[in-house]
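Please look over the sequence and the model shown here, and then follow the explanation through its helices one at a time.

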Amino acid sequence: MRVNPEELNLKDKLVSINRVAKVVKGGKRFSFSALVVVGDGEGWVGIGKGKAAEVPPAIAKAVGRAKKHLIRVPLKNGSIPHDVHGFFCGEHILMKPAKEGTGIIAGGAVRAILEVLGAHNIVAKTLGRGNPFNVVQATLEGLAKLKDPEAVKKMRQAGPTVSS
């Protein structure tokens, strides 16, 4: 489902900045890569990675890419509707809904996504190396698996479909 990013009140959060060196004949060329998450605090979230010779253009590129790849995540009472696992490369993220007043109990990269997403009560655990890019990808993959309880209820009430 595509959405116009200008219609949403998006906030961005910087997850990591990395200085990258390319070795060339005359020495080393340095550039910066930035990993950014954007979200509206009401269920829309996206991630982006940008690379440039200076930090501000790298962040701007990352924000632009994140706005192009937004996904909708169903939220229920400031938390996620059910437990979910996310996998990407060597990372494994476990996310569980929590009671009101728990807050966000999560590591750095996962916390950044959950804050811009709008989840207030959630427990998450990163199982793996902790590479920020892979952690963010695994978290987003897990959040994409979430199903809206109302949609599942309607689907179950509709009954099985007959296919021949």
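Is Arg 111 buried, partly exposed or exposed? This is a predicted model, in which local features need pLDDT of at least 70 and side-chain atom pairs count only at pLDDT 80 or more, while totals for chains, interfaces and linings use all residues. Residues are numbered from 1 along each chain as its sequence is written, and side-chain values use heavy atoms, with hydrogens and water left out.

Arg 111 counts as partly exposed because its relative accessibility is 32%, where buried means under 20% relative accessible area, exposed over 50%, and partly exposed in between (1.4 Å probe, protein chains only). The residue belongs to helix α2, residues 108-117; helices are DSSP runs of H or I with at least four residues, strands are runs of E with at least two, and both are numbered from the N terminus. Leaving aside residues up to four places away in sequence, Arg 111 touches Ile 104, Ile 105 and Ala 106, contact meaning heavy atoms within 4.5 Å. Its side chain also reaches the backbone oxygen of Ile 104 at 2.8 Å.

Helix α1, residues 55-68, has 14 residues, and Ala 58, Ala 62, Val 63 and Ala 66 are buried in it. These four lie on the same side of α1, because they cover an arc of only 135° around the axis, an arc taken from the directions from the helix axis to the C-beta atoms. On the other side of α1, Pro 56, Ala 60 and Lys 68 are exposed, whereas the buried residues pack against β1 (11-24), β2 (27-39), β3 (44-52) and β4 (70-72).

Terms used:
Polar contact = N/O pair within 3.5 Å; in protein donor to acceptor, adjacent residues only side chain to side chain. Expected span 1.5 Å × (residues − 1).
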